[in-house]
Amino acid sequence: MQDKLYEFLEFEEEYLDYLFKIHKENFEEYFCAHYGKWEEKRQFKSFKKMVSSGNYKMIKYKGQIVGMLNYQPGFNFKEALIYNLKAKKEDKKPPAEMVRPAIFRYLNIDKNYQGKGIGTLILRDIVRECKDYAITLKVYRENLLAQQLYKRLGFTEDDSTTDDTYISMHYTKSAKITGYRNWHIEKQKYIEEEQE
């Protein structure tokens with residue numbers, strides 16, 4: 001099996017200035033289009049707090065730090081059904097934290113490394129990893145390149161949560177995003193399938 005060309009590393013403060021530079025290069029235009037002036041000191045302080053939260057990983061590609069991402073795995077709907085049934089709480093809703101799509105919040109790659117397939121490679125691996133989960137993300141409306149990438153990998157626009165700033169997209173191949181309204185119906189279907 002071939003080794004991956006990339007790996008995710010914990011954030012290290014020595015890379016803060018570099019990561020902020022690529023954040024600014026990739027997002028300043030979109031930010032200003034919706035929120036007004038980019039105030040450098042304020043943006044830097046906000047970015048530092050964001051990447052220090054523990055949810056952001058650095059992307060190392062062929063030995064070089066090239067960007068960051070924030071990706072949170074989802075929770076399988078079937079696992080929540082099983083939990084619910086074993087706990088004999090048949091009329092209760094599942095624990096909220098057990099029914100959640102994977103959330104892809106942030107992908108930022110140095111412009112010098114864009115066009116090399118790094119984003120595609122990472123997203124393909126995440127889609128493969130999430131075969132039992134749905135994936136949801138938001139992208140700036142003006143960021144057409146990112147939208148094209150997501151659509152190429154099978155993401156579709158979700159009109160119900162799209163707004164003037166962001167386009168919401170989701171990926172659901174073998175998974176489903178099921179709201180609490182459908183909990184009893186889905187639970188009954190699962191019970192019937194298991195009894196066959």
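**Figure 1. Strands E3 and E4 are joined by six bridges and run antiparallel.** Strands here are DSSP runs of E with at least two residues, and helices are DSSP runs of H or I with at least four residues, both numbered from the N terminus. Two strands count as paired if DSSP finds at least two bridges between them. Across this pair, Tyr 71 stands opposite Phe 104 in E4. The model is predicted: local features need pLDDT of at least 70 and side-chain atom pairs count only at pLDDT 80 or more, whereas totals for chains, interfaces and linings use all residues. Residues are numbered from 1 along each chain as its sequence is written, and side-chain values use heavy atoms, with hydrogens and water left out.

**Figure 2. Strands E1, E2 and E3 pair in the antiparallel sense.** Strand E1 (residues 6-10) meets strand E2 (residues 57-61) over five bridges, and Glu 10 stands opposite Lys 57 in E2. Five bridges also join E2 to strand E3 (residues 64-72), where Ile 65 is the bridge partner of Lys 60. A hairpin is formed by E2 and E3, with two residues between them. In its turn, Lys 62 has a positive phi of about 50°.

**Figure 3. Seven strands form an open sheet with mixed pairing.** The order of the strands is E1-E2-E3-E4-E5-E7-E6. E1 and strand E6 (156-157) stand at the edges with a single partner strand each, so one side of each is left without a neighbour in the sheet. Helix H4 lies across E1, E2, E3, E4, E5 and E7 and runs at about 165° to E4; axes are lines fitted to C-alpha atoms, for helices over the stretch in contact, and angles run from 0 to 180 degrees between N-to-C directions. In the protein chain as a whole there are six helices and seven strands.

**Figure 4. The largest nonpolar core has 27 residues.** Such a core is a set of buried Ala, Val, Leu, Ile, Met, Phe, Trp, Tyr and Cys residues joined through side-chain atoms within 4.5 Å. Buried means under 20% relative accessible area, exposed over 50%, and partly exposed in between (1.4 Å probe, protein chains only). Leu 69, Phe 104, Ile 126, Ile 135, Tyr 150 and Phe 155 have the most contacts inside this core. Among the elements that give two or more residues to the core are strand E4 (102-109), helix H4 (118-129) and helix H5 (144-152). H4 contributes the largest share, five residues. A second, separate core of 17 residues includes Phe 11, Phe 27, Phe 47 and Met 68.

**Figure 5. The largest pocket has a volume of about 1,300 Å³.** On a 1 Å grid over the protein atoms alone, a pocket is an open set of points where a 1.4 Å probe fits, with protein on both sides within 12 Å along at least five of seven lines; lining residues have an atom within 4 Å of a point. Grid points are joined across faces, edges and corners, and the volume is the space filled by probe spheres set on the points. The lining has 43 residues, of which Phe 27, Leu 107, Asn 143, Ala 146 and Tyr 150 lie nearest the centre of the pocket. Helix H1 (16-35) gives the most to this lining, with eight residues.

**Figure 6. Cys 32 is found in helix H1.** This residue is partly exposed, with a relative accessible area of 30%. Cys 32 touches Lys 37 and Trp 38, not counting residues up to four places away in sequence; contact means heavy atoms within 4.5 Å.
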